[in-house]
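Hello,

Here is the structure I promised to pass on to you. Have a look at it first, and then read my notes below.

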Protein chains: 2
Amino acid sequence: MFMEPIRVFKALSNETRLNILKWLKEPEKHFPKQGAHLPKGVSIKGGVCVGDIQEKAKASQSTVSQYLNMMQNAGILESVRYGQWTYYRRNEEILSRLAEYFKTEI
Amino acid sequence: MFMEPIRVFKALSNETRLNILKWLKEPEKHFPKQGAHLPKGVSIKGGVCVGDIQEKAKASQSTVSQYLNMMQNAGILESVRYGQWTYYRRNEEILSRLAEYFKTEI
DNA sequence: TTGACATATCGAGAAATCCAGATATACAAT
DNA sequence: ATTGTATATCTGGATTTCTCGATATGTCAA
């Protein structure tokens, strides 16, 4: 996955999306019931399911799904399916490369 | 002038605007005739006039003027008028705060 | 004061984005 | 097989952005 700054900036140009990204930085803080659907022993570190994100974001299900998809396409989120749930988490690898890009090239 | 990340991200969500910001990082490299209209002894460090930017950006005069205005409103550029010319330059203060914001809060 | 030039602002059509409801898909449980 | 739940995708109207040409404003030079 390569890094397209403009796509990323578009993804971050919306308050709800920006909030989601920030919330996912501290999932246990912002999503107390994190991982509630996962069987014992399975943990998707930092991942939160769409429904929990939607509830917090107070936007429609389709909107949140599209937001998450958009952020994933921009490379800043990644998803893991588990049963009927999709867990999204930050792609820290890309995000730190972006921070470096911002610092040195912008 | 305070920092509104979303406005900044919108400003950076366009290839031409992003290019302008990058060009202004090394004005002497990208705008060889920089400061051509300034009288001797007057120098607007890092500043480039709208016409020179327009020529390089290959967009209409009004478009470039609006782009520059938008970037200024976002805080990432600042302008200095000199006679009939307006020189735009990067607001490095804001930009480095943004880089730090990106690194620590995004 | 007139004319020329640099830049800003206005107005508008085209294109893109926003965001919801409706529907589809995928999986789980019965 | 059927039902229920989670998520994705489709469709489309409303809003915003893009980008230009036209026009206005401001400044300098003659």
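**The sheet in chain A**

E2(A) and E3(A) are antiparallel partners, joined by 6 bridges. Please keep in mind as you read that this is a predicted model. One pair to look up in these strands is A:Leu77, whose bridge partner in E3(A) is A:Arg90. The two strands E2(A) and E3(A) make a hairpin with 2 residues between them. In the turn you will find A:Gly83, which has a positive phi of about 60 degrees.

In which order do the strands of the chain A sheet lie? The order is E1-E3-E2, in an open sheet of 3 strands with antiparallel pairing. Strand E1 (48-49) and strand E2 (77-82) of chain A are the edge strands, and each of them pairs on one side only. E1(A) is joined to strand E3 (residues 85-90) of chain A by 2 bridges, and these strands run antiparallel. Across from A:Cys49 you will see A:Tyr87 in E3(A).

**Chain A as a whole**

Stepping back from the sheet, chain A has 6 helices and 3 strands. Along the sequence they follow the pattern α-α-α-β-α-α-β-β-α. Chain A has 106 residues, of which 42% count as buried. The chain exposes about 5,800 Å², and carbon and sulfur atoms supply 46% of that area. Taking the contacts in chain A between residues at least 6 apart in sequence, 55% join residues at least 24 apart.

H5(A) lies across E2 and E3 of chain A and runs at about 120 degrees to E2(A).

H5(A) also packs with helix H2 (residues 15-23) of chain A. How far apart are the axes of H2(A) and H5(A), and at what angle do the helices pack? The axes are 11 Å apart, and the angle is about 70 degrees. Angles from 65 to 115 degrees count as roughly perpendicular, so H2(A) is roughly perpendicular to H5(A). The crossing of H2(A) and H5(A) is right-handed. On the H2(A) side, the contact is made by A:Thr16, A:Arg17 and A:Ile20. H5(A) brings A:Tyr67, A:Leu68, A:Met70 and A:Met71 to this contact.

**Over to chain B**

Chain B has an open sheet too: 3 strands in the order E1-E3-E2, with antiparallel pairing. Strand E1 (48-49) and strand E2 (77-82) of chain B stand at the edges with a single partner strand each, so one side of each has no neighbour in the sheet. E2(B) is joined by 6 bridges to strand E3 (residues 85-90) of chain B, and the two run antiparallel. Within this pair, B:Val80 has B:Tyr87 in E3(B) as its bridge partner.

One more residue in chain B may interest you: B:Asp52, in helix H4 (residues 50-57) of chain B. Is B:Asp52 buried or exposed? Its relative accessibility is 10%, and buried means under 20%, so B:Asp52 counts as buried. Leaving aside residues up to four places away in sequence, B:Asp52 touches B:Phe31 and B:Lys33.

Happy browsing, and do write back with any questions.

Best wishes

Technical notes:
Residues are numbered from 1 along each chain as its sequence is written. Chains are lettered from A and ligands numbered from 1 in the order in which they are written. This is a predicted model: local features need pLDDT of at least 70, side-chain atom pairs count only at pLDDT 80 or more; totals for chains, interfaces and linings use all residues. Side-chain values use heavy atoms; hydrogens and water are left out. Helices (H or I, at least four residues) and strands (E, at least two) are DSSP runs, numbered from the N terminus. Buried means under 20% relative accessible area, exposed over 50%, partly exposed in between (1.4 Å probe, protein chains only). Contact means heavy atoms within 4.5 Å. Accessible areas come from the Shrake-Rupley method with a 1.4 Å probe; for residues, only the protein chains shown count as cover. Two strands pair if DSSP finds at least two bridges between them. Axes are lines fitted to C-alpha atoms, for helices over the stretch in contact, and angles run from 0 to 180 degrees between N-to-C directions. Angles under 35 degrees count as roughly parallel, over 145 as roughly antiparallel, 65 to 115 as roughly perpendicular and the rest as oblique. A crossing is left-handed if the near helix is turned anticlockwise from the far one by less than a right angle, and right-handed if clockwise.
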